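Thanks for coming. I will take a few minutes to walk through one protein model, starting with the overall picture and ending with some individual residues.

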Amino acid sequence: MGLTDKIVEIKRKRYTNNVKASCLSCGKDLKVNGKSVVNSNTTLKDNVNFNGMTIQGKGHVTIGSNFHSGIDCMMITDFHNYEGDAIPYDSTVISKEIIIDDNVWIGNRVIILGGVHIGEGAIIQAGSVVVSDIEKYAIAGGHPAKIFKYRDIDHYERLKSEGKFH
C-alpha cells in the first residue's frame, strides 16, 4: 500500500467515525468515502455508503440499507416560515422528515428537501432536486425530479432475493 492509499484510508476512517459519532443510530458496515456531515436526528441502516453527504437542519432523516450516494449530495430538512409575521420570512424554523427506503442510489450533487419519501430501489439522476415523493423502483431526475422510467422489477427482486448487494 502506497502513501496515497494510506492517506485515503485514514480519511475514510475519520469520515466514517465522524458520521457514527454524529448520528442518532447507525447500522453495520457504514462506508464514508468523502467528507460527510449528518445531523443528530439521522438514522442509518446497514451498508450505507456516502461519497460526500451533508444533512442540514434538525429534522429526522432515515436512510435504509444498501444506500449509495454520489459526491456532493445534500439533504435539507429545515425551512424558513414565509407565511409568518415578517417578510421574506419570520424567525420560525419548520423541520420536515426525510425517509429513504432500502437499496436507493442517488447520483452526484443530488439535493433532497424535507418532507420527501424515496421508495425502495429508486435511483435519482445526478444533479437532481427532489422536492416530492419518488415511488418504489422509480428512476427520476431533473429540477424538480420527475419519474421518467422504472427498474425491471423482476430483475431487481431476483437480485434482492439472492442477496446481491453492492
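I will begin with how the model should be read, then go from the whole chain to the details.

This is a predicted model, in which local features need pLDDT of at least 70 and side-chain atom pairs count only at pLDDT 80 or more, while totals for chains, interfaces and linings use all residues. Residues are numbered from 1 along each chain as its sequence is written, and side-chain values use heavy atoms, with hydrogens and water left out.

First, the overall build. The protein has 2 helices and 18 strands; helices (H or I, at least four residues) and strands (E, at least two) are DSSP runs, numbered from the N terminus. Along the principal axes, the C-alpha atoms fill a box of roughly 60 × 40 × 25 Å.

Next, the surface. Of the 166 residues, 39% are buried. Buried means under 20% relative accessible area, exposed means over 50%, and partly exposed is in between (1.4 Å probe, protein chains only).

Now the interior. In soluble globular proteins, nonpolar side chains tend to be buried together. Here the largest nonpolar core has 31 residues, and those with the most contacts inside it are F50, I63, F67, M75, I112 and I118. At least two residues of this core come from each of α1 (3-22), β5 (53-56), β6 (61-63), β8 (73-76), β11 (98-100) and β17 (138-142). A nonpolar core is a set of buried Ala, Val, Leu, Ile, Met, Phe, Trp, Tyr and Cys residues joined through side-chain atoms within 4.5 Å.

What does I63 touch, leaving aside its neighbours within four places in sequence? Its contacts are T43, L44, K45, V48, F50, I55, M75 and I100, where contact means heavy atoms within 4.5 Å.

The loop between β3 (42-44) and β4 (49-50) holds D46, and N47 lies in that loop too. N47 has 11% relative accessibility, so N47 counts as buried. Beyond its neighbours within four places in sequence, D46 is in contact with G27, K28, G64, S65 and N66. The C-alpha atoms of D46 and I76 are separated by 22 Å, with the two residues 30 apart along the chain.

Some backbone points remain. N47 has a positive phi of about 55 degrees although it is not a glycine. N103 also has a positive phi, near 65 degrees; N103 sits in the loop between β11 and β12 (105-106) and counts as buried at 10% relative accessibility.

Where are the cis peptide bonds? One joins I87 and P88, with omega about 5 degrees, and P88 is in the loop between β9 (78-80) and β10 (93-95). Another runs from H143 to P144, with omega near 0 degrees, and P144 lies in the loop between β17 and β18 (145-150).
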